[in-house]
Each structure stands twice: as C-alpha cells, then as structure tokens.
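Subject: Structure handover

Hello,

Here is the structure we talked about. Please open it next to this email and follow along.

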Amino acid sequence: MNDILFDVGYGHFLVLSAVLFLIGVAGVLIRRNALIMLMSVELMLNAGNIALLAFSRMWADEAALSAHTFALIVIGVAAAEASVGLAIVVAVFRGRRTIDVDKLTTLRH
Amino acid sequence: MKIYALLVAFAMALGAPAIATAQPAPQAQHFGDVRTGPPAASYSPHDDIVDGHGMGMALLFWAFAIATVVGAIFVISRRNLIAAAMGMVGSFMGVAAIYMLLYARFLAVVQMLVYAGAIMVLFVFVIMILNRPEDEPVAPTGHVGQVVGGLAILYLIGRLVMVLWTVELPNKAAALAAPRATALGHAWGSVNAVGTDLFNGGLFPFEAISILLLVAVVGAIAIARPLSEDSNDEGTKGV
C-alpha cells in the first residue's frame with residue numbers, strides 16, 4: 001500500500017491517463033448536451049497526451065522528444081476541433097433552438 | 001463547488017513552491033553546451049527531486065491527479081454549463097501540473113495557454129451565447145442502449161486494466177523524478193529541445209497543422225456566420 005502511495009512511477013501516470021480517458025468516454029456516452037460532449041472529447045485528448053508524455057519520460061532521451069512534438073500537434077488539432085465543433089454547435093442552435101443531440105434527428109431518415 | 005475550489009487552491013498553493021524547487025538549479029547546463037558540461041556519470045539522480053524519498057513527488061502527484069480527476073467528473077456531472085466549463089479548467093490546470101512532473105515544461109506552459117486560456121474562453125463564449133438551460137442532461141435511453149453502453153465501458157475498463165497489469169513498469173520514484181543522465185540532461189523537455197525536434201523531425205506535421213488551423217478558422221467563420229437573409233439586412237446597414 002505504501003508503495004502505491006509514495007513510490008510514484010510511470011504506472012501512476014498511465015492509470016491517471018486511463019481514468020481521465022474513461023471519464024471522457026462516459027461523458028460522451030451519458031450526456032446529451034453537445035457542449036459537454038465536446039468538453040469530454042477534450043478530456044480524452046488530454047488523457048492521450050498524458051500517456052504519450054509518460055512514455056516519453058520513460059525513455060528520456062533525444063529520440064523520445066518526438067513525443068513532445070506529437071503532443072504539441074495533438075494540442076493544435078484539439079484547438080482546431082474545438083473551434084469548428086463550437087461553430088457547428090452555434091449554427092445548429094441558431095437553426096433549431098436546441099443542442100440536445102437526441103433531438104437532432106433530421107438526418108436520420 | 002466551494003469544496004472543489006478549495007481543493008484546487010490548496011493543490012496550487014501546495015504545488016507551486018514545490019514545483020519551483022523541483023526545477024533544475026539555475027546553473028543547469030544549457031542545451032547548446034551539453035558536450036562541454038560535466039560528464040553524465042557525475043550526475044546524481046537525487047539532485048533535483050523534491051526530497052530524497054520521493055515523498056514530495058508523491059504528494060504533488062496525488063494533489064494534481066485528484067484535481068484533474070475531480071475536475072473531469074465535474075465536467076460530466078454538472079447540470080450548469082458554466083460549472084462544467086470551470087471544472088474543465090481545473091482539470092486542464094491539473095494536467096499541466098502533471099506535464100510538469102513529467103518534465104515536459106514547454107508543453108505544460110502550452111497546455112496552460114491553449115487549453116486553460118484559449119479553449120476555455122471559446123467554450124465560455126459559446127455557453128454565454130446559447131444561454132439556455134439544459135432540458136434533459138442525461139440520455140433517457142432504453143434498456144438496450146444502457147446495456148450496450150455499460151458493456152462497452154466495462155470492456156474498455158477491462159482492456160485497460162489488462163494492459164496496465166501486464167506491462168512491467170519500473171515503479172521507482174527516483175527513476176521518475178530525476179532526469180536521467182542523458183546527453184540532454186536538464187534541457188530535456190525545454191523549449192530549445194522540443195523546438196529542435198519539431199523543426200527537424202516534425203517539420204511536415206508542423207506545416208500541416210498550420211494549414212489545418214487556417215482551414216479550421218475559415219471553416220468556423222463560414223459555419224457560424226448568420227444565414228444569408230440575415231446578412232442582407234446587416235449589409236444594408238453598413239458594416
């Protein structure tokens with residue numbers, strides 16, 4: 001027990017990443033609000049970044065720095081995704097006065 | 001809400017000085033003069049961990065991990081959208097601190113700027129524009145949806161536990177907290193090192209991401225602009 005509490009190693013960071021990812025998945029699955037779903041997607045991207053950087057830290061050499069580059073690019077993609085996703089939310093709300101994804105069924109038929 | 005704010009404040013107050021002391025000493029060698037610096041063998045792994053037994057490291061990790069997870073739970077459990085956004089900010093701050101514990105200093109700052117700054121402002125703006133209470137926060141799905149969703153989450157948890165269980169990890173605090181005696185030494189994860197890697201190996205992704213961001217900006221404006229009949233009215237008024 002003391003080992004788990006006081007000897008913080010790479011496994012701790014990986015488990016934290018897994019927990020964060022699962023919370024994001026749960027948010028996308030149980031919430032029906034498009035904004036909350038976007039936030040949950042951001043949480044999942046962050047969880048992936050934590051895992052990347054933990055593995056990068058494990059090797060801790062010059063080649064492993066490419067994980068930092070990768071994480072930087074993931075952050076850029078997340079920013080682009082958030083801007084386009086929020087624009088879609090605003091456009092949908094303007095047309096339908098709701099962002100409840102269960103009520104957006106026009107394309108279903 | 002107050003309890004969470006207190007928790008975050010406590011974690012920040014606890015973490016800030018400790019992270020400051022966890023940073024390498026000012027006389028740490030720079031990336032450029034690695035080869036003229038002391039040989040790696042003379043480097044002691046205990047030079048810059050918070051204390052000799054990794055206790056401070058553990059304290060920091062747990063404080064920020066709890067802040068991260070509690071913030072994430074806030075995001076998916078709050079009915080109030082602003083509360084969810086603030087939970088997201090707390091979670092992102094915790095993630096930035098976790099990056100710092102992993103010696104990804106540049107990325108920690110980028111995380112603060114991009115996520116806790118820019119993306120949070122974007123979300124808050126949209127929440128303010130919509131300004132609409134949620135009708136049904138949680139999906140009223142039928143039994144089939146609940147069973148399938150529950151099974152999917154259980155399967156995901158099971159796979160993650162299996163992977164983390166089988167991977168043999170060096171679970172030693174000192175090995176994590178101290179930068180390994182590499183050629184880069186203290187400069188590992190600095191702006192200089194990350195930038196060198198970005199503009200050597202990652203040049204094409206870098207250019208691709210700039211085009212992607214340009215397309216995202218143009219696309220966001222094109223999607224979110226008013227409908228054509230509205231814009232005619234605004235156009236006659238003179239913009």
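Start where helix 4 of chain A meets helix 8 of chain B. Helices here are DSSP runs of H or I, at least four residues long, numbered from the N terminus. On the chain A side, the residues include Ile73(A), Gly76(A), Val77(A) and Ala80(A). On the chain B side, they include Pro205(B), Ile209(B), Leu212(B) and Leu213(B). Contact means that the C-beta atoms of two residues, placed from the backbone, lie within 7 Å. Nonpolar covers Ala, Val, Leu, Ile, Met, Phe, Trp, Tyr, Cys and Pro; charged covers Asp, Glu, Lys and Arg; the others, Gly among them, are polar.

The model is predicted: local features need pLDDT of at least 70, side-chain atom pairs count only at pLDDT 80 or more, and totals for chains, interfaces and linings use all residues. Residues are numbered from 1 along each chain as its sequence is written, while chains are lettered from A and ligands numbered from 1 in the order in which they are written.

How do the two helices lie? The axes of helix 4 (residues 66-96) of chain A and helix 8 (residues 203-224) of chain B come within 9 Å and cross at roughly 10°. Axes are lines fitted to C-alpha atoms over the stretch in contact, and angles run from 0 to 180 degrees between N-to-C directions. The two helices are therefore roughly parallel (angles under 35 degrees).

Now the whole interface. It takes 64 residues from chain A and 76 residues from chain B. Helix 4 gives the most to the chain A side, with 21 residues. That side divides into 43 nonpolar, twelve polar and nine charged residues.

Next, helix 3 of chain A. Of its 26 residues, 21 are buried (20 or more other C-beta atoms within 10 Å of a residue's own). Ala60(A) follows this helix, and its phi is positive, near 55°.

Val75(B) sits in helix 2 (residues 55-77) of chain B. Val75(B) counts as buried because it has 25 C-beta neighbours inside 10 Å. Its contacts beyond four places in sequence include Gly27(A), Ile36(A), Ala84(B) and Gly87(B).

Last, confidence. The predictor gives the complex an ipTM of 0.91 and a pTM of 0.75. Chain B has a mean pLDDT of 72 (the predictor's confidence in each residue, from 0 to 100). Over residues 17-53 of chain B, the pLDDT is below 50.

Best wishes

Conventions. Parallel < 35°, antiparallel > 145°, perpendicular 65-115°, else oblique. Buried ≥ 20, exposed ≤ 12 C-beta atoms within 10 Å, placed from the backbone.
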